[in-house]
Amino acid sequence: MQQSDRREFGQLVKDVMAYYRQDTSTFVLNVWWNACHPFELEQIQAAMQRHMTDPEHGQFAPKVADMARL
């Protein structure tokens, strides 16, 4: 991702975490950004969607490792 994607990426993480009723502090958003910025935004969006609809893993909020796995 490019720095210009950071705002949209942050909103994506906030929206997904809100679905799971999880914290999205600045620290959490920075952890996500630092781990995911090598990927394209579209890849992260697709991975989030796959995670959320996975019957086994989608019961729980995604972790950065879930994005790397997907």
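Predicted model: local features only at pLDDT ≥ 70, side-chain atom pairs only at ≥ 80, totals over all residues.
1. Among the lining residues you will find Met 17, Val 28, Val 31 and Trp 32, along with Ala 61, Pro 62 and Val 64. Gln 22, Asp 23 and Lys 63 also belong to the lining.

2. Which helix gives the most to this lining? That is helix 2, spanning residues 26–36, which supplies 3 residues. The volume of the largest pocket comes to about 160 Å³.

3. Now for the fold around the pocket. The protein has 4 helices and 0 strands, and the pattern along the sequence reads α-α-α-α. Its radius of gyration is 11 Å, close to the 11 Å that the globule rule gives for 70 residues, so the protein is as compact as a globular protein of that length.

4. On overall dimensions, please have a look along the principal axes: the C-alpha atoms fill a box of roughly 35 × 20 × 15 Å.

5. The contacts deserve a comment too. Of the contacts in the protein with a separation of 6 or more, 60% are between residues 24 or more positions apart.

6. Finally, burial and surface. How much of the protein is made up of buried residues? They account for 34% of the 70 residues. The protein exposes about 4,700 Å², and 51% of that area is supplied by carbon and sulfur atoms.

Terms used
Residues numbered from 1 in each chain as written. Heavy atoms only, no water. 1 Å grid on protein atoms, 1.4 Å probe; cavity = no way out; pocket = protein on both sides within 12 Å on 5 of 7 lines; lining within 4 Å. Points joined across faces, edges and corners; volume = space filled by probe spheres on them. Helix = DSSP H or I, 4+ residues; strand = E, 2+ residues; numbered from the N terminus. Rg over C-alpha atoms; globule rule 2.2 N^0.38 Å. Buried < 20%, exposed > 50% of the residue type's maximum accessible area, 1.4 Å probe, protein only. Contact = heavy atoms within 4.5 Å. Areas by Shrake-Rupley, 256 points an atom, 1.4 Å probe, with all protein chains shown as cover.
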